[in-house]
Amino acid sequence: MEKSGLLWFLVAGSMLLYSQMVFAQKFELSPSGYFRNGGVDVMAFDDIYPEGRQGGVSLIMHGARVATNGDLRLEPSPGQWQPVSRQYDRRLDAASNTITAWLGYPDSSRHLTGFNPMIYPDLVFNYTVTVRGEGNSAVVTVDLDRPVPQEFIGKVGFNFELFPGALFGKPWMMDGRAGIFPRQPNGPTLYEPSNSLRTGNFNPGGKAGIAQLSGQGYSPVVADDIVAMPYAVGRRFTVRPDDFHNKFTIVSEGADLKLYDGRMNHNNGWFVVRSEVPAGATKEAVKWVITPGVVDGWLYEPVVQTSQVGYHPGQPKVAVIELDRRDTERRQPVLYRITEEGERAVASRAGEEWGEFLRYNYLRFDFSDIKEEGLYRVRYGEAASSLFRIAGDVYERGVWQPVLEYFLPVQMCHMRVNEKYRVWHGACHIDDACMAPADFNHIDGYVQGASTLTGYEPGDVVPGLNTGGWHDAGDFDLRVESQAGETYILALAYEAFKVDYDATSIDREGRVAEIHQPDGKADLLQQVENGALSVAGAYRSLGRLYRGIICNGLRQYVLLGDAAAMTDNVPGNADDRWVFTEDNPARELTVAAQLAAASRVLKGFNDSLSVQSLEIARELYKVTRATEQSRAARIQAAAELFLAVKEDVYGQYLLSETDYIVKNIGRVGWFVGRAEKALGDGAFSAALRDALKGFRLELDRQAGETPYGVPYRPHIWGAGWDIQAFGYRQYFLHTAYPDIFGADGIYNALNFILGCHPGSNTASFASGVGARSVTVGYGLNRADWSYIPGGVASGTALIRPDFPELLEFPYLWQQVEYVMGGGSSHYMFLALAARQLLSGK
């Protein structure tokens with residue numbers, strides 16, 4: 001095509017797209033507390049988790065969050081451990097159509113301390129960020145209370161992070177120059193003096209060691225020294241000029257805009273647009289005009305949400321249909337059966353109006369009366385669900401089994417894990433572990449107290465820690481709550497369902513697990529054994545529980561790939577992991593309960609480990625000091641020990657706590673109920689039943705909060721894990737008191753995990769399970785944009801205040817992370833529960 005023809009083509013195409021825009025509309029504050037203009041929203045400092053890309057100024061365009069974390073930062077492309085501002089206040093002013101946030105640096109409460117310690121430089125200032133709706137634009141203005149000191153010029157700037165998963169291969173333009181967002185970060189790099197060279201003294205009590213956090217060579221906490229050379233510099237930047245649905249333009253009225261690739265210094269980084277605060281600037285130090293494309297008449301397309309696996313014929317079957325609140329047209333939902341000849345309508349009726357939830361309207365389409373086995377889908381106008389089955393054997397293959405076949409073996413520590421031609425990871429952490437330093441704040445919530453060293457000096461090799469256990473998520477650490485908690489759930493699953501499924505061989509002596517190589521032993525019991533070996537082995541060596549075992553440096557912590565690459569498997573040198581201990585009565589008594597349950601199912605399978613687990617549970621119950629905070633945990637330990645040994649000391653303690661149990665029935669009822677049946681005390685039983693009837697009313701209220709029949713209350717992580725735990729507890733209430741508690745909570749929780757959940761992404765949270773599932777997960781292979789079958793992601797997160805989101809991106813731990821101590825095992829329990837209740841298996 002000749003140049004003139006190409007120009008005509010581009011101009012004509014642009015005019016056609018341009019005609020879709022609405023110019024009369026404008027950004028105005030909505031009752032939800034953010035700016036809205038048609039299908040585009042601008043949020044400002046609603047969210048609370050900037051290190052997880054949920055904070056600052058955010059932009060949602062036509063149903064997708066495209067940019068976030070608009071705020072002053074101290075690096076061009078910060079990561080999880082770089083300083084974030086402290087937010088003091090946030091105010092909305094309808095008269096001026098503005099949102100203003102008051103913020104400042106440092107946040108001394110996070111300096112060298114806490115779950116995710118940060119290193120703040122010696123820099124103090126306060127500022128405001130004001131976002132004003134102005135026609136079809138949002139104007140962002142940053143005002144400082146003082147100029148940036150000379151030594152930090154170029155380090156302080158306003159960043160806006162762009163979601164990379166939607167931009168690979170898509171265009172951008174900067175002052176007329178065009179480019180394509182690349183799949184991988186491309187050099188060259190740029191050196192800048194690190195902020196860590198000027199560390200502040202804002203928290204004298206901070207116990208995180210700078211040297212230990214920083215390490216040698218590349219350090220995730222000191223990652224601002226080598227960054228990507230900007231792809232472009234200018235004053236006018238446009239994202240996606242090819243697509244008005246996703247197009248937005250940023251014009252800077254002051255400092256230059258720079259486009260960085262944050263993945264250069266952090267694998268989990270995003271693209272970043274940044275303007276540095278100029279020397280001497282205070283008033284309007286940064287001023288941007290952000291103009292998104294607003295498509296005329298755009299409505300959120302209806303989303304039909306069903307289980308991606310399907311339903312047993314006798315199971316309640318409800319499709320949830322999610323609609324734009326402005327969508328007043330109602331269509332008739334239709335259930336189609338898929339045959340060799342094509343689709344055939346088998347049920348059609350008006351959807352039940354459920355009402356508003358989050359930012360959407362909801363209908364419910366109940367087709368529980370359809371029991372004929374086959375392949376189905378639900379249609380609502382042009383929208384359709386995934387295909388699903390109705391079948392009596394719907395839970396018999398490829399549903400709960402991948403948890404046992406893949407996920408649990410892959411997560412096994414101190415083992416090589418093979419799957420035919422594939423090696424998931426080599427034998428790892430055979431050099432576990434050295435005693436952690438005393439009085440030390442590490443990362444990820446690990447803090448060592450001097451009073452809990454148990455006779456070992458910091459740096460001493462502690463024997464007996466290199467057997468059993470599972471890597472927690474992608475972090476490879478072994479937390480006692482994840483190890484004992486996982487063991488507990490698996491033990492209760494074996495007690496309830498007697499699953500003798502065998503698809504894996506485990507060679508303890510040779511430290512090799514072979515996936516899809518049966519060895520004649522029940523996989524579920526082998527995995528209970530795996531957890532108990534870690535917890536009991538550590539207790540025998542330490543004389544107390546471990547808090548956990550974790551790598552000693554941040555560079556090891558962010559390792560992607562083979563766990564065997566973390567250490568050299570030679571004990572007693574600098575790369576060994578550390579073992580932490582703690583004084584935590586509630587946790588110690590909870591572990592006592594969990595080991596007591598494990599002892600019951602290990603009897604006859606591994607009698608020695610069964611006896612050890614029971615002895616440790618007894619001892620923990622006896623020696624752990626009583627506190628008000630640990631009272632519920634002591635009741636749980638007594639309940640599980642009573643079920644294990646039927647001794648009066650535990651039964652009498654439960655009876656003595658009747659008043660507390662009744663007042664806290666929502667917390668303790670699900671595990672006390674099983675012991676109540678064994679106790680056979682009439683007065684105790686009557687008191688529990690009365691309390692449980694009241695609790696049932698509370699559960700009904702919670703179930704009614706959402707159209708899904710389960711409470712959806714995410715904090716930071718997606719609510720999937722909490723909902724699974726909810727369904728898991730419902731099983732014990734239902735089976736102990738079927739006249740009080742129905743089974744709907746179990747089925748609803750399972751369906752939520754399998755795809756009937758809010759948002760446009762209806763994937764099953766269980767990777768590899770169902771017609772569509774999360775196949776980009778936060779596990780050991782996340783750098784490959786891959787997944788572990790049977791791993792269950794954290795699930796749909798809430799972008800505050802009202803936007804449900806499940807992105808396809810491997811580094812959003814709060815949406816797609818796998819964990820131990822719940823997650824997959826709770827999901828497996830729910831699927832087995834549905835199988836048992838519906839099929840009697």
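Helix H15 gives the second largest pocket the largest share of its lining, six residues. Please keep in mind as we go that this is a predicted model. H15 covers 744-753, and it is one of several elements that each supply at least two lining residues; the others are strand S23 at 318-324, strand S27 at 360-366, helix H13 at 682-703 and helix H14 at 720-736.

So what lies nearest the centre of that pocket? Of the 29 lining residues, those are Ala703, Gly709, Asp744, Gly745 and Asn748. The space inside comes to about 510 Å³. By class, the lining holds 14 nonpolar residues, nine polar ones and six charged ones.

Let's move on to the cavities. How many reach 30 Å³ or more? The count is five. The largest cavity contains about 80 Å³ of space. Around the largest cavity you'll find Glu75, Trp81, Gln82, Pro83, Ile119, Pro121, Ser194, Asn195, Ser196, Val221, Val222 and Asp224. That lining splits into six nonpolar, four polar and two charged residues.

Next, a pair of helices. H4 spans residues 480-497 and H17 spans residues 823-839; they pack at an angle of about 10°, and their axes are 10 Å apart. The two helices are therefore roughly parallel to each other. If you'd like to follow the contact on screen, on the H4 side look for Glu486, Ile489, Leu490, Leu492, Ala493, Ala496 and Phe497. Their partners in H17 are Ser825, His826, Met828, Phe829, Leu832, Ala833 and Gln836. The residues of this contact comprise ten nonpolar, three polar and one charged.

At the S12 end, four bridges link S12 to S11, residues 171-174, and the two strands run antiparallel. Proline 171 faces isoleucine 180 of S12 across that pairing.

I'll finish with some backbone details. As background, most peptide bonds are trans, and most residues other than glycine have a negative phi. Here are some exceptions to look at.

Tyrosine 105 and proline 106 are joined by a cis peptide bond, with omega about 0°. You can find proline 106 in the loop between strand S7 (98-105) and strand S8 (125-134). The bond from glycine 187 to proline 188 is cis as well, with omega near 5°. Proline 188 belongs to the loop between S12 and strand S13, which covers 189-191.

And where would you look for phenylalanine 45? It is in the loop between strand S3 (40-44) and strand S4 (57-61). Phenylalanine 45 has a positive phi, near 60°, although it is a residue other than glycine.

Thanks, everyone; I'm happy to take your questions.

Terms used:
Residues numbered from 1 in each chain as written. Predicted model: local features only at pLDDT ≥ 70, side-chain atom pairs only at ≥ 80, totals over all residues. Heavy atoms only, no water. 1 Å grid on protein atoms, 1.4 Å probe; cavity = no way out; pocket = protein on both sides within 12 Å on 5 of 7 lines; lining within 4 Å. Points joined across faces, edges and corners; volume = space filled by probe spheres on them. Nonpolar A, V, L, I, M, F, W, Y, C, P; charged D, E, K, R; others polar. Axes fitted to C-alpha atoms, helices over the stretch in contact; angles between N-to-C directions. Parallel < 35°, antiparallel > 145°, perpendicular 65-115°, else oblique. Contact = heavy atoms within 4.5 Å. Pairing = 2+ DSSP bridges.
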